[in-house]
Every structure is written in C-alpha cells, then in structure tokens.
Amino acid sequence: MVKPRTRARQLVSAGIGLVAAALVVTTTANYGAASGTTGKGTLKLVAAADTVQVEAYEGVAYVQPSVWLAAYDAAFEFRASQTAYDKPVKLTKTVIRGKKRTTTTAPASIVDGMKGFKDGLRITLKNKAGKVILDEKRPLCPGGYDRQRVQTDGATGPVYPEFCGGNWFTKGVLYGIERGMAVPTVSDLEFETRGETALTMTMNVSKPVADFLGLPKASRSAKQNLVIVDGCPEGGCEGEGGMGARSAHGADDDQGARTVVPRESLEGGENGRGRLPLGGALGSIKPGKPTKDTLPDLVSLPAWQITTEVDEGGTDRLNFAANEWNAGPAPMIVEGFRRGTTPVMDAYQMFYRDGKQVGVKKTGTMEFHEAPEHNHWHFLDFAKYELVDAKDKVVSTSGKQSWCLAPTDPVDLTVPGATMRPGQTGLESACGEKSALWLRESMPTGWGDTYNQSQTQAFDLSKVKNGTYRIKVTVNPDGNLYERTRSNNVSYRTITIGGKAGARTVKVPPYQGIDTETWWNEE
C-alpha cells in the first residue's frame with residue numbers, strides 16, 4: 001500500500017511560503033484616482049464574534065485579534081512627524097476619497113508621540129460576578145499587521161506599514177487604513193487568568209480620540225465574551241514554555257496565511273459592488289456577466305494514490321487524492337465577508353484584468369470548520385467526489401464537502417497567464433482564524449489544489465459490492481463559480497474493488513499509461 005502525500009507535504013514541495021508580511025511604503029500612498037466612492041467615509045469599531053475562545057498557558061491567556069477598526073468608503077492616512085527631537089510630534093489625519101484629500105491636525109493632548117493616539121483605547125475585563133480583573137488604557141494605533149477586507153469595493157491589499165512607532169531617532173512615520181479594510185485594535189493582549197474560565201471584555205475608544213476620528217457613537221465600543229481554555233491539554237506543552245507553547249498550538253499548515261499584494265489604489269475604485277453585512281456600501285461596478293478574459297477555467301484531474309483501509313471506527317474505506325486546477329487565463333479568487341458575528345461568511349468571486357480587480361459576483365458561503373487539524377474557514381461546494389458504477393449511478397460519496405483552497409501543485413505553467421511563484425503574488429490562500437472578518441482563497445492560473453480523502457472523508461465501502469467502479473471528481477458541481485467552460489469539470493478513474501469485509505482490496509490500472517500509485521519519478 002502506498003502512503004498518500006499529506007497536504008502539508010504538498011505545500012512544502014510546491015514551495016509555497018505562507019508567511020505573514022506586509023508592504024511598507026515611505027511616501028504618501030496615492031496610486032491614482034479611484035472611482036466608486038459612495039459615502040463620506042467612516043471609521044467604526046467592529047467585533048468579529050460575540051464569543052471568543054482564548055487559550056491560556058500556565059495561567060496566562062493570549063487573546064487573538066477579534067475587534068477591528070474598519071474604514072468604510074474612504075482611506076484614512078495618518079502622519080506623525082517632528083521638526084527636531086526636542087520638539088513635539090505633530091499628528092495629522094487625511095481622509096482620502098477618490099481625488100479628494102481632507103487633512104486635519106490632531107490636538108496635542110491626544111498625540112502619543114509616534115505610537116498613535118494617547119490612551120485612545122481602554123480595555124476592561126470582568127468576571128461573572130462583575131468584578132474587574134483588568135482595566136488598562138493603551139495607545140490606539142490605526143494600523144496593524146493583520147488586515148481584513150470589509151468591502152467588496154475596497155482596497156484588495158495592504159498599502160500602509162504594519163506598525164505605529166519607531167525608535168529614539170525616528171523623525172516621521174506614516175500609517176493608516178486602506179479603504180474598505182480593517183486593522184486590529186489590539187494584537188498583543190495577554191493577562192493572568194486568576195482561575196477564571198469566562199470573562200466579558202469591553203473595548204472603548206476614548207471620547208476625545210473618537211471625536212477626532214469621527215467614529216459614530218454606536219461604533220465606539222465593542223463587547224465580547226471570552227471563554228478561557230487550557231492551551232496545553234493533557235500535558236501537551238511540557239518543555240515548551242510561554243509563547244513557544246502558544247505557537248506550537250497555533251494554525252495548521254493551511255491556516256494563518258497572510259495576504260501580501262502589489263501596491264494598489266487606496267480607494268480600490270474598480271473593485272466591485274455589493275452591500276456587506278458589516279456595513280459596506282455599494283461600489284461602482286455595474287451588474288453584468290464577467291468578460292471572458294477575466295474568467296478562470298477550472299479543470300478536474302483523475303483521482304490518484306488510491307488505497308483501502310479500515311478506519312478508526314472499523315469501517316472499510318477507499319482512500320484517494322484529488323486535484324482540481326485552474327487553466328486560466330485569469331486567477332480564481334473567492335473572498336469571504338463575515339455575516340455579522342455568526343461563523344458564516346458570504347463568498348464573492350473576484351475578477352481581475354492586468355492585476356486589477358474589475359468585478360465581483362456573489363457565489364456562495366464559507367463556514368468555520370471547527371475540528372482537529374482544521375479550525376479554519378472552508379469554502380462550500382467547490383468540488384464533489386463520488387464512487388459510481390458503469391451506469392454512472394452513485395454507490396458512495398465522500399465526506400469532503402468544503403475546502404480551504406491553496407495552490408499546492410503546479411499542473412501547467414505554460415498556459416497563458418500562469419503564475420510562476422504564487423507564494424509571492426499575494427493571492428495565496430488565507431484560511432483564517434475563527435475571529436476573522438474576511439479571507440481570500442485563490443487558485444492561481446496553472447496551479448491545482450490536492451486533497452487526500454481518508455477516514456470519514458473517504459468512500460464508505462460497507463455497502464459496495466466487489467466489482468469495477470469509477471471515482472468521479474467534479475469541480476464547480478453547482479455551477480456557482482464563473483468560468484470559461486464547464487466541459488472539463490468532470491474526470492473519472494476506473495478501479496476494481498475486491499476482498500472481504502475488514503480486508504477490502506483495490507486495483508488501479510494506469511491512466512493513459514501513467515501509474516499514479518507510485519511516487520512520481522520513482523520506480
């Protein structure tokens with residue numbers, strides 16, 4: 001029996017670097033006029049969920065970003081500078097709407113040097129009895145490393161630096177929030193649990209800062225319930241103290257990817273339309289079917305690495321690997337936007353031309369998959385796997401019904417529009433954490449995504465008689481995704497099943513002369 005490749009190994013072998021990064025610019029980020037402004041521009045405090053699970057290690061809890069400062073219908077740019085080291089820092093806010101730029105200077109009383117707004121954020125933690133166990137004020141930095149998209153017509157990626165502050169000799173810094181994006185209010189909150197397992201967290205933007213930023217009164221505060229769990233169950237963190245233990249229990253190989261994209265217009269004026277649950281406004285793109293040059297071509301490949309086993313529950317299973325790829329010429333990009341505080345996102349397919357987004361269509365939903373080795377967001381109904389007989393009658397189906405897409409395998413890098421190094425294009429998968437407002441999943445041109453179906457995701461053979469069958473792989477089964485053609489969306493792989501209960505066997509004839517049941521380039 002040949003051991004299937006794991007998804008983690010594929011990501012490594014394909015050379016996909018899922019590493020957090022952000023573009024840093026040192027000049028005002030104004031890359032051309034943008035259309036599609038639909039309002040005067042507003043900053044809001046937005047909570048991604050009503051309840052957040054927090055992991056604690058040796059009595060110290062670490063809160064992942066889950067409350068965001070979001071910019072709607074305008075970009076917000078901040079400049080902090082001083083003429084000399086012994087002079088006070090001047091902080092300005094510029095609201096950018098298309099070609100219009102409106103700049104105001106912050107009162108000196110709310111400026112905290114290069115760090116942002118002085119005492120701009122207050123964090124309070126209370127236990128079930130209402131006792132305050134944490135009450136602290138922090139500078140508010142309207143910038144951050146982990147950006148989320150909150151409008152379909154917003155900027156498609158970060159432009160501003162990922163930090164506020166500097167060192168003793170810093171004379172000026174530039175930070176901000178791109179139009180239609182959000183930054184975390186806090187990215188490093190930790191506290192002693194004091195034995196508590198449930199707390200209420202409240203974040204408030206101070207009135208002087210909120211007034212200067214123009215936050216609506218209803219959007220100056222956010223409240224969440226924190227459920228504290230042991231980050232090291234059953235002694236799993238022995239020998240790994242503090243933050244080392246935390247990182248060891250973080251995302252799997254598919255999770256936590258951060259998006260890095262080329263510099264774009266802050267306004268993202270060509271970026272689409274659609275009202276979003278968190279308050280996004282309609283964009284400027286007119287309704288209509290996307291043009292052919294902006295469409296991907298999704299192709300199904302025959303199943304491979306096919307084996308039998310008895311799963312942990314004693315059920316006979318047929319394992320297999322499946323790959324669906326994009327023949328282009330355009331990338332397939334799907335973005336999810338949170339539906340309020342529920343663990344559901346509305347999914348939109350985005351369309352690009354010459355690196356710029358030119359359209360968007362709603363295409364389905366994404367759900368948070370809370371399970372071991374997952375704990376990230378999945379796009380529903382990307383593909384369907386069935387075991388069928390000679391008459392195409394289904395005899396068993398796969399338990400795999402949702403996907404976190406990533407370019408794991410190059411299939412054909414000679415097709416027009418093929419991406420050579422998808423890890424550097426900024427359109428790699430971002431499977432996201434539970435508190436995410438937004439994520440982007442993509443299939444660059446020329447690349448495919450392989451999943452191995454095993455255990456409960458594999459075919460159940462309990463009621464399948466011995467004989468010849470076909471593994472049917474269908475990409476875009478419901479036709480929700482726009483693509484150039486659906487004529488190549490289905491593939492078949494013939495197999496012969498034998499043996500008896502508890503010891504089923506499978507024979508896999510070569511496909512077009514290729515024996516896929518051995519490692520590539522191995523005899």
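Here are some friendly questions and answers about the predicted model above.

Me: What kind of model is this, and how are its residues numbered?
Reply: This is a predicted model, in which local features need pLDDT of at least 70 and side-chain atom pairs count only at pLDDT 80 or more, while totals for chains, interfaces and linings use all residues. Side-chain values use heavy atoms, leaving out hydrogens and water, and residues are numbered along each chain as its sequence is written, from 1.

Me: In what order do the strands of the four-stranded open sheet run?
Reply: Helices (H or I, at least four residues) and strands (E, at least two) are DSSP runs, numbered from the N terminus. Two strands pair if DSSP finds at least two bridges between them. The edge strands here, each pairing on one side only, are β1 (42-47) and β10 (148-149). With antiparallel pairing, the order is β1-β4-β12-β10.

Me: Which residue is the bridge partner of Leu-69 in β12?
Reply: Strand β4 (residues 67-72) and strand β12 (residues 181-184) pair in the antiparallel sense over three bridges. In β12, Leu-69 has as its bridge partner Val-183.

Me: How many of the six residues of strand β11 are buried?
Reply: Buried means under 20% relative accessible area, exposed over 50%, and partly exposed in between (1.4 Å probe, protein chains only). Strand β11 covers residues 172-177 and is largely enclosed by the rest of the structure, because the number of its six residues that are buried is five.

Me: Which residue of β11 is the bridge partner of Ser-81?
Reply: Strand β5 (residues 75-81) pairs with β11 in the antiparallel sense, over six bridges. For Ser-81, the bridge partner in β11 is Gly-172.

Me: By what angle are neighbouring strands of the five-stranded open sheet turned against each other on average, and which strands are at the edges?
Reply: This open sheet has the order β24-β23-β30-β31-β32, with antiparallel pairing. Its edge strands, which each pair on one side only, are β24 (394-397) and β32 (503-507). Axes are lines fitted to C-alpha atoms, for helices over the stretch in contact, and angles run from 0 to 180 degrees between N-to-C directions. With direction ignored, neighbouring strands of this sheet are turned against each other on average by 35°.

Me: Which residue of β30 is the bridge partner of Ala-383?
Reply: Strand β23 (residues 383-388) and strand β30 (residues 467-475) pair in the antiparallel sense over six bridges. In β30, the bridge partner of Ala-383 is Val-475.

Me: Is Glu-335 buried or exposed?
Reply: Glu-335 has its place in strand β19 (residues 332-338). Its relative accessibility is 0%, so Glu-335 counts as buried.

Me: Which side chains have polar contacts of 2.8 Å and 3.0 Å with the side chain of Glu-335?
Reply: A polar contact is a pair of N or O atoms within 3.5 Å; within protein, one must be able to donate a hydrogen and the other to accept it, and residues adjacent in sequence count only if both atoms are side-chain atoms. The contact of 2.8 Å is with Trp-438, and the contact of 3.0 Å is with Arg-440.

Me: Which residues of the largest nonpolar core touch the most other members?
Reply: A nonpolar core is a set of buried Ala, Val, Leu, Ile, Met, Phe, Trp, Tyr and Cys residues joined through side-chain atoms within 4.5 Å. The largest one has 51 residues, and apart from it lies another core, of 38 residues, among them Leu-318 and Phe-379. In the largest core, the residues that touch the most other members are Phe-117, Phe-191, Leu-213 and Leu-226.

Me: Which residues does Met-420 touch, not counting residues up to four places away in sequence?
Reply: Met-420 lies in the loop between β26 (409-410) and β27 (438-443). Contact means heavy atoms within 4.5 Å. Beyond those sequence neighbours, Met-420 touches Leu-413 and Trp-447.

Me: Is Asn-476 buried or exposed?
Reply: Asn-476 is found in the loop between β30 and β31 (490-500). Its phi is near 55°, a positive value in a residue other than glycine. With a relative accessible area of 2%, Asn-476 is buried.
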